[in-house]
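What follows is a walk through one structure, taken piece by piece. Keep the sequence and the 3D view open while reading.

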Amino acid sequence: MFRKRRLGLQVTAPLMAVGFSVLVGSVIMLAIGANPLQAYAVLFGFSLGRIDSIASILFKATPLIFSGLAMVVSFRMGLFNIGVEGQYMVGAFAAALAGFGLKGLPAIIHIPIVMAAGMAGAMLWAALPIYLKIKRGVHEVISTIMMNYIAYSFLHWLLADVFLDRTQVLGQGGFGSPRVRTPELAASARMPTLHKLFAAVGIQLPHYIYVSYLLFIGIALAVVVHYIIWKTPFGYELRAVAQNGPAAAAAGINSERVMVKAFLLSAAIAGLAGLSDLMTFFGYYDIDFPRSYGFNGIAVALLGRNSAAGVIVGALLFGMLARGAEGVQVMTGVPAEVITILQSVMILSIVVAYEIITRYVRTQRKKEVGA
Amino acid sequence: MISIKGVTKRFPGVLANDHISLEVREGEIHAIVGENGAGKSTLMKILYGLYQPDEGSIELRGHPVRIDGPARAVALGIGMVHQHFMLIPRFTVLENIILGHETARFGVIDRRASEQRVKELAGQYGFAIDPKAMVATLSVGQQQRVEILKVLYRGADLLILDEPTAVLAPQEVTELFANLRLLAAGGKTIIFIGHKLDEVMEIADRVTVLRRGQVVGTMAAGETSREGLAEMMVGRPVLFRIQKNPCHPGAPLLSLDDVTVAGVGGTARGHGRGHGVGGSQGPAWRTRIARAAVDGLSLQVNGGEIYGIAGVEGNGQTELVEGIFNLQPVTSGRVMVLGKDVTNRPTAQIRAGGIAYIPEDRHRRGLVLPMSIWENLILGSHRRREFVRRALLDRDRILGHATKLREQYDIRLADMDAPVLALSGGNQQKVIVARELAQSPQVVIASQPTRGLDVGAAEFVRQRLLEMRDAGRAVLLISADLEEVLSLSDRVGVMFRGKIVAEFPAEEATPQLLGPYMLGGAAPAEMEIPLADARGEGGEARV
């Protein structure tokens, strides 16, 4: 009974936050002379009204599920892995190397290798920050932010000078310059999209939709992360170290080892965040590879109350808002930035809402247990 | 002086004060006693303006008053001496006393006038203390006097002392009581919150007993006895002398051989500690940092005996225990458990060797407060084969185990899934004791095992320790409560500045015998003089 009541309260906070941010968004839209009711109608109607639009939401949500889960693991460990941003980029690049470098493998082998390369690349990028944290007490927020900038520049150099695809066919007469990108992934390294699956239930997805099996991998991973954190001895140690390190140490738990494992796990999951774009949409890693999945992952994890199930909900919500923003901009003239403001207000208000709920739960608990 | 009339204070689910009425007379020392949770501290917080009563009123010298904050309390002449001192170690006594009440002339602190006033106050009430001494160099007893002076400096006529003797050695208690009597004789009124009944009987003029938020009664100290008070507090007769079977010591199970632990400030960890010490600090401050917290200590605990360590807190007890479990590195010497050298081994390995740990600070070292009760009951044994099935924690079996412990150790709880922080202090301690003793250890290290527990829970924990001893296990007991050490132990060692300076069989040990050793192996007077006189300025402050 204790658990159920608290679950109900945990759902209340995000709902409060969403409601409040919708309110703030309305005020902004009124201020710029737009009709909020119309805008919200378009936001929901456009994004949820058509099946291909929903598939697009699923595609947009896929990377956020991974980056959100990476944040959940690190938050539960009591670490703030801001480096998910750099880690997924390095991971995606490493995956690209495995994708175009290896040839002649069957997809069933090649795809797992590409994914493993993504995880390995991200873990490599996380190794230095966690080493510095354990050995020298360098705060992971500082070191991972720095590693993000190093990642941007390092990848830029690798792309422009080392792995540039020089076989690209340039414009007529050899004019123009080549795109700054890697060679294309082998066909066996491309993650299959869900077109066939949808077709099997009678839905024909248009070709410009790229939602792939990575969505299911992300959902399965959410279940695994939930089990790791709440059901395994390792997850138990992770929570104990995070919530009271000295007591965990006194109980014989090796806090440093737990932290290293958890941080690397977070990075490994982060390494999958870029793969949806790499393995389905682009097919190569280029200089305009999408950024900020890492930072949005922080928001998604917060919105999802640091729970694996919550991350899926949060990622879908962000996917819907992103999709809806496109429609709102085109059809109502309200700039898409208003939707971005909506997202930000949502994150801010959720922090406040959780605080209110936590206090409420605390007083309820005192009544219940009779302190 | 002050009358409390029908004061009631409710917290969610708890009636902390239930129509409390009592009267404190001008110039008396009025003790308030009661078990934990009886409502003493809530009442005091109401008097000091930290809480507002839900019902009832307070009258000061016959006039109703509303105390809406500590500032108002101070303005009304009510002062609080907290159990944990609120002093800045690097400031002088004078600076600490005037902090927040500085008198300034032309924007510059008028030291001379304040010093004059502090010296007058100190002289009037017999406080031997040098206003220019740095607080970090003072003993705990002297620091407490600074706290009292601070309150007097702000013009308090009513002083509230919250368990003032908890941190003091016996001789320091005697001095404190002498000061308190002078204060009362000088017209100050004192409310003394305590739980050591001997002390209450000695110092108080009148005693009020609280139980479950209600006043059980108020009586003159001369008209009652310790046993009578205890019965009023608990609601049933209490055994003070613990029934003990004769001791049959066996082979040594725990031996510490010339153990040194550097302690904070000189640890082996390289980072983060290199700043802030040195410069203008007094010499005593510096030597305190330089000396190892545990300094070549040796002792042996045999199976079937309880070895008690007595001593004023801060003499290396914490570091000793942490050193045994490698929570702080042992810099030299050996720790042997059951004949095996476990010095600086991984903590898990040390504990697997059959040694249990009841830590002094249960919130820091003993429990993960936000985690559930059942999870806390397996902390440290969570990787045991019986609790893990197919790589997952076996919740059903763990709950079965937890339920068994809950019955055996009488842990009162509503829901195993509730976080352990929802339990009362006594039940939290029972969670730790149950967890640690359930693994049938050969050696038990119990550090302040009954701190903060009420009489009933403390009795329960002591009985469990005696059971371990009777079962042939070795128990090392570290406690700031001298009475507890003396009543439980078979042998008593006195710890001072990181060493065992004296060791006695329990039957010979008395507070009078141990006291001087607790203060440094010399007559207590010698401790006091250098600090006040060495600087040549203490004379005027002394009576």
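Two strands count as a pair if DSSP finds at least two bridges between them. In general, strands of a sheet pair through backbone hydrogen bonds, either parallel or antiparallel. The model shown here is predicted.

With that rule, look at chain B and find strand 13, residues 252-261. Six bridges join strand 13 of chain B to strand 14 of chain B, and the two run antiparallel. One place to check this is S255(B), which stands opposite Q300(B) in strand 14 of chain B. This pair belongs to an open sheet of four strands in chain B, with the order 14-13-16-17 and antiparallel pairing. Strand 14 (294-302) and strand 17 (340-341) of chain B are at the edges; each has a single partner strand, so one side of each lacks a neighbour in the sheet.

Chain B also holds an open sheet of six strands, in the order 6-9-10-3-11-12, and here the pairing is mixed. Which strands stand at its edges? They are strand 6 (78-81) and strand 12 (214-220) of chain B; each of these has a single partner strand, so one side of each is left without a neighbour in the sheet. Between neighbouring strands of this sheet the average turn is 20°, with direction ignored. At one end of the order, strand 6 of chain B runs parallel to strand 9 (residues 158-162) of chain B, and four bridges join them. Within this pairing, I78(B) has L158(B) of strand 9 of chain B as its bridge partner.

Helix 8 of chain B, residues 226-234, lies across strand 3 (29-33), strand 11 (206-211) and strand 12 of chain B. Its direction is at about 30° to strand 11 of chain B.

Next, turn to a pair of helices in chain B. The axes of helix 5 (residues 140-153) and helix 6 of chain B come within 10 Å and cross at roughly 20°. Angles under 35 degrees count as roughly parallel, so helix 5 of chain B is roughly parallel to helix 6 of chain B. Their crossing is right-handed. On the side of helix 5 of chain B, the residues that meet the partner are G141(B), Q144(B) and R145(B). On the side of helix 6 of chain B they are E172(B), E175(B), L176(B) and N179(B). By class, this contact of helix 5 with helix 6 of chain B has one nonpolar, three polar and three charged residues.

L176(B) sits in helix 6 of chain B, which covers residues 170-185. Is L176(B) buried or exposed? L176(B) has 20 C-beta neighbours inside 10 Å, and therefore counts as buried. Apart from neighbours within four places in sequence, L176(B) is in contact with G141(B), Q144(B), P164(B), T165(B) and L168(B). Of another residue, R351(B), the C-alpha atom is 42 Å from that of L176(B), and the two residues are 175 residues apart along the chain.

Chain B contains 19 helices and 24 strands. Among its contacts with a separation of 6 or more, 71% are between residues 24 or more positions apart.

The residues in contact include V42(A) and F46(A) of helix 2 of chain A, and G324(A) and V328(A) of helix 14 of chain A. Eight residues of this contact between helix 2 and helix 14 of chain A are nonpolar, five are polar and one is charged.

The contact of helix 13 with helix 14 of chain A has seven nonpolar, three polar and no charged residues.

Terms used. Residues are numbered from 1 along each chain as its sequence is written. Chains are lettered from A and ligands numbered from 1 in the order in which they are written. This is a predicted model: local features need pLDDT of at least 70, side-chain atom pairs count only at pLDDT 80 or more; totals for chains, interfaces and linings use all residues. Two residues are in contact if their C-beta atoms, placed from the backbone, lie within 7 Å. Ala, Val, Leu, Ile, Met, Phe, Trp, Tyr, Cys and Pro count as nonpolar, Asp, Glu, Lys and Arg as charged, and the others, Gly among them, as polar. A residue is buried if 20 or more other C-beta atoms lie within 10 Å of its own, exposed if 12 or fewer, and partly exposed in between; C-beta atoms are placed from the backbone. Axes are lines fitted to C-alpha atoms, for helices over the stretch in contact, and angles run from 0 to 180 degrees between N-to-C directions. Angles under 35 degrees count as roughly parallel, over 145 as roughly antiparallel, 65 to 115 as roughly perpendicular and the rest as oblique. A crossing is left-handed if the near helix is turned anticlockwise from the far one by less than a right angle, and right-handed if clockwise.
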